[in-house]
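Student: I would like to learn how to read a model of two protein chains, beginning with a single chain and ending with the contact between the two. Could we go through it feature by feature?

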Amino acid sequence: MKQIIVIINGINEWIGRFVGILTLILAVVMLAIVVLRYGFSMSSVWLSESVMYLHGMIFMLGAAYTLKHNGHVRVDIFQRRYTQRQRAWVEIGGTVLLLWPVALFILVMSQPYVESAWRIMEGSREPGGIPFLYLLKTLLIIMPILLIIQGLAEVLRAIQVLQSPTPAVPDPNGEDSRHREDGF
Amino acid sequence: MMEFLAIVMVLAVFAALLIGYPVALTLAGVSLLFAGIGALLGVFDTSLLSALPNRLFGIISNPTLVAVPLFILMGVLLERAKVADDLLENMTSLFGRRPGGLGISVMLVGAILAASTGIVGATVVTLGLIALPVMLRRGYDPRLACGTVCASGTLGQIIPPSIILVLLGDQLSSAYSQAQLAQGIFAPDTVSVGDLFMGALIPGLLLVGLYLVYLLFTAWRSPERVPGLSEVELSERPDAIKIAGSLLPPLALIVAVLGSIMGGIATPTEAAGVGAIGAALIAAVKGKLNLRVLMDAGKTTVRMTSMVFLIFIGASIFSLIFRGFGGDEMVHNALSSLPGGTMTAIFIVMLVMFLLGFILDFIEITFVVVPIVAPVLLMMGVDPIWLGIMIAINLQTSFLTPPFGFTLFYLRGVTPDTVATSELYRGVMPYIGIQLLVLALIAYFPALATWLPGVLYG
C-alpha cells in the first residue's frame with residue numbers, strides 16, 4: 001500500500017516539476033511573441049499556437065499534482081474543526097463519490113472526441129500551424145486518469161491515517177496544512 | 001419536475017460544499033448525480049452532456065485565459081522578490097512622522113501590490129505579517145490596524161490587472177454575445193478584458209482615495225489612534241536613493257503592464273507575459289533569483305492555475321446540467337418578471353452574490369453564477385462593464401464582511417492572539433461603509449465605470 005502511494009506521488013510530483021518549468025517557458029514565449037511583433041513586425045503561427053499547448057498542459061497535467069498538494073479550494077467553514085480522522089473520512093468519501101465519478105465521466109465523454117481527432121491526425125487549421133492538435137486534445141483523457149490515480153493515493157493515505165492508533169484529537173497543524181495556500 | 005430537480009440540485013450542491021471536499025469536484029460530482037437521477041426519471045436529456053469535451057477544449061484553447069497563469073507567475077515572482085517588504089519598509093519612513101502616516105503607507109503599499117499581483121490572499125497575509133506588527137508596536141489602535149490591512153488587501157480584486165477581472169471579463173464577454181444573439185443582434189458588440197480593466201481603474205482609485213480620506217480623518221480627529229514614528233525610528237530612515245530603488249521597479253512594472261493594455265499596444269495576455277518577465281528581472285536585480293526560486297515559482301503557479309481551471313471545469317459540468325434541467329430558463333423567468341424591473345433584478349443578483357461570497361470565492365462565483373445571471377441582465381439592457389465592476393466591488397465587500405468574509409480568515413491566521421477577533425470585525429466596519437458608498441455611487445453614476453473604456457476604446 002505504501003509502495004503504491006510512493007509511486008503515484010512520485011509520478012505527479014515529477015509532472016508538477018515538469019509543468020512548473022512550462023509556466024516559465026510560457027512567459028518567455030509570450031515575451032518572444034511581443035518582441036517579434038512590436039520590434040520586428042513578425043509573427044509566427046507556430047509560436048502563437050505553442051502558447052495554447054503550454055497553457056493547456058499546465059492546468060490539465062497540473063490538476064492531479066495540485067490535488068496532491070491540497071491546492072484545490074475547499075469551503076473550510078467546518079473543515080477547520082475536523083479531527084484528523086474526520087478529514088480522512090472526507091477524503092475517502094469525496095474521492096469515491098465525487099472525484100472518481102467526475103473523472104470517469106470526463107474520461108468516457110471525451111474518449112470518442114479524442115479518438116476522432118486521432119483518426120484524422122488533427123492538426124492546426126492555420127497554414128504553418130502546429131500539426132499536433134490531436135495530442136493536445138488527448139489531455140482531456142490524461143487529466144482524468146492522473147486525477148483518478150492521485151485520488152487512489154489520497155484514499156490510501158487516508159486509510160493509513162484511520163489505521164494509525166492516534167487518538168481522535170484535532171490536528172494542531174491541521175489548519176495550516178489543510179488550508180489552501182493562496183487566494184484571490 | 002425538472003425545475004424542482006434544478007432547485008434541489010442547487011441546494012444539494014451547497015450542502016455538499018460545506019463538507020469541505022474541493023469545490024470544483026463537489027460542483028461537478030453532485031450535479032452529475034442529479035443528471036443520473038434525472039435520466040432515470042426520464043426528465044433529463046443526456047445527449048446534452050456530449051457538448052462537454054468541446055467545452056473543455058474551449059477552456060484550453062481560449063487565448064484570453066492564458067493571461068491567468070502569466071499574471072499568477074508575475075505575482076508569485078514579485079512575492080519571492082520580497083517587493084512588499086521593501087516597499088513597506090521604505091514607504092513607512094517616507095510617511096512615518098505624522099499621525100496616520102504609517103497607515104497611509106500600508107494602504108498605498110496595498111494598492112501597489114494589488115495592482116502588481118492581484119492576489120488577495122497573498123496580499124493580506126504579506127501585509128498582515130509585515131505591516132500589522134509594525135503598526136501594533138507603534139501603538140496603533142489594533143482595530144484600525146486590522147481593518148486597514150484587510151481593506152487594502154482586498155484591493156487586489158478590483159485594481160487592474162487583476163486575475164479576477166480576467167476571468168470575469170471572459171465570462172461577461174460570452175454572456176454579452178449570448179444575450180445579443182438571443183435578441184437577434186447578429187453583429188454583436190463585444191466586451192473585452194481590457195474594457196473591464198479600464199472600467200475598474202476609476203472605481204479602484206476612488207476606493208483607495210476614500211480609504212485614505214478615512215485614515216486622514218482619523219488622524220485629524222483622534223491622532224492617538226494612529227501615532228507617528230518617534231525621532232529614533234526616523235533617524236534610521238534610509239536615504240532617498242534607497243527609497244527610489246525600492247519604489248521605482250514595481251511602479252515601472254505596473255505602468256508598463258497597465259499602460260500597454262490601456263494604450264491598446266498589447267492584449268492583457270501579452271502584457272501579462274511581459275509583466276512576468278519583468279517581475280523575474282526585478283527579482284534578479286534584487287539578488288533574489290536563482291534556479292530554485294524559479295522552479296518553485298513555476299510549481300506554485302501550476303498549483304494556483306490548476307486550482308482556477310479545475311473550478312472552471314467543474315463549473316462547466318454544473319452549468320451544463322443546470323441548463324439541462326431548465327434552470328437557466330427558470331432564473332431568466334424569475335429575474336425578468338420581478339416588480340420594479342431591471343433595478344430589482346440587479347439588486348437581487350447583487351444580494352445573492354454578496355451572500356454567496358460568504359462561502360464561495362470570486363472564482364467560483366464568476367464561473368458558476370455569472371454565466372447564469374449575466375445573460376438575463378444584459379438582455380435587460382444593463383451595461384456589461386458596469387455590471388462587471390458592480391460585481392467586483394460587491395464581492396470585495398462580501399469578502400470583508402464578518403463573520404464569514406474570507407479576508408478576515410486570512411488575517412486571523414497571521415494576527416497575534418492579543419488582538420481579539422471582535423476587534424478585527426469592528427475594524428473593517430468603516431471600510432465596509434466606504435465599499436457600500438462606492439457601490440452606491442457607481443450605481444447612481446454608471447459613468448464612473450463606463451466613461452474611461454468608452455474614451456479609450458471608443
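Tutor: We shall take the fold of one chain, then some single residues, then the interface.

Tutor: This is a predicted model, in which local features need pLDDT of at least 70 and side-chain atom pairs count only at pLDDT 80 or more, while totals for chains, interfaces and linings use all residues. Residues are numbered from 1 along each chain as its sequence is written, chains are lettered from A and ligands numbered from 1 in the order in which they are written, and side-chain values use heavy atoms, with hydrogens and water left out.

Student: How many helices and strands does chain A have?

Tutor: Helices (H or I, at least four residues) and strands (E, at least two) are DSSP runs, numbered from the N terminus. Chain A has five helices and zero strands, and its pattern along the sequence reads α-α-α-α-α. Contact means heavy atoms within 4.5 Å; of the contacts in chain A between residues at least 6 apart in sequence, 79% join residues at least 24 apart.

Student: What percentage of the residues in chain A is buried?

Tutor: Buried means under 20% relative accessible area, exposed over 50%, and partly exposed in between (1.4 Å probe, protein chains only). Of the 184 residues in chain A, 51% are buried.

Student: Which phi values deserve a look in the loops of chain A?

Tutor: Ser41(A), in the loop between H1 and H2 of chain A, has a phi near 35°, a positive value in a residue other than glycine, and counts as exposed because its relative accessibility is 68%. Met121(A), in the loop between H3 and H4 of chain A, likewise is not a glycine and has a positive phi of about 45°; its relative accessible area is 47%, so Met121(A) is partly exposed.

Student: Is Gln435(B) buried or exposed, and what does its side chain meet?

Tutor: A polar contact is a pair of N or O atoms within 3.5 Å; within protein, one must be able to donate a hydrogen and the other to accept it, and residues adjacent in sequence count only if both atoms are side-chain atoms. Gln435(B) lies in helix H21 (residues 421–444) of chain B and counts as buried because its relative accessibility is 0%. Its side chain makes a polar contact with the side chain of Thr397(B) at 3.1 Å, and, not counting residues up to four places away in sequence, Gln435(B) touches several residues, including Leu207(B), Tyr211(B) and Leu400(B).

Student: How is the interface between chain A and chain B described?

Tutor: The size of an interface is often given as the accessible area lost when the parts come together. Buried area is the accessible area (1.4 Å probe) that two parts lose on being put together, summed over both. Chain A and chain B bury about 5,900 Å² between them, 77% of it on carbon and sulfur atoms, and the contact takes 66 residues from chain A and 73 residues from chain B.

Student: Which side chains meet in a salt bridge there?

Tutor: A salt bridge is a side-chain nitrogen of Lys or Arg within 4 Å of a carboxyl oxygen of Asp or Glu. The count between the two chains is one, and it joins Arg37(A) to Glu270(B) at 2.9 Å, N to O. Across the interface, 10 residue pairs are in polar contact, both residues at pLDDT 80 or more. On the side of chain A that touches chain B, H1(A) gives the most, with 17 residues.
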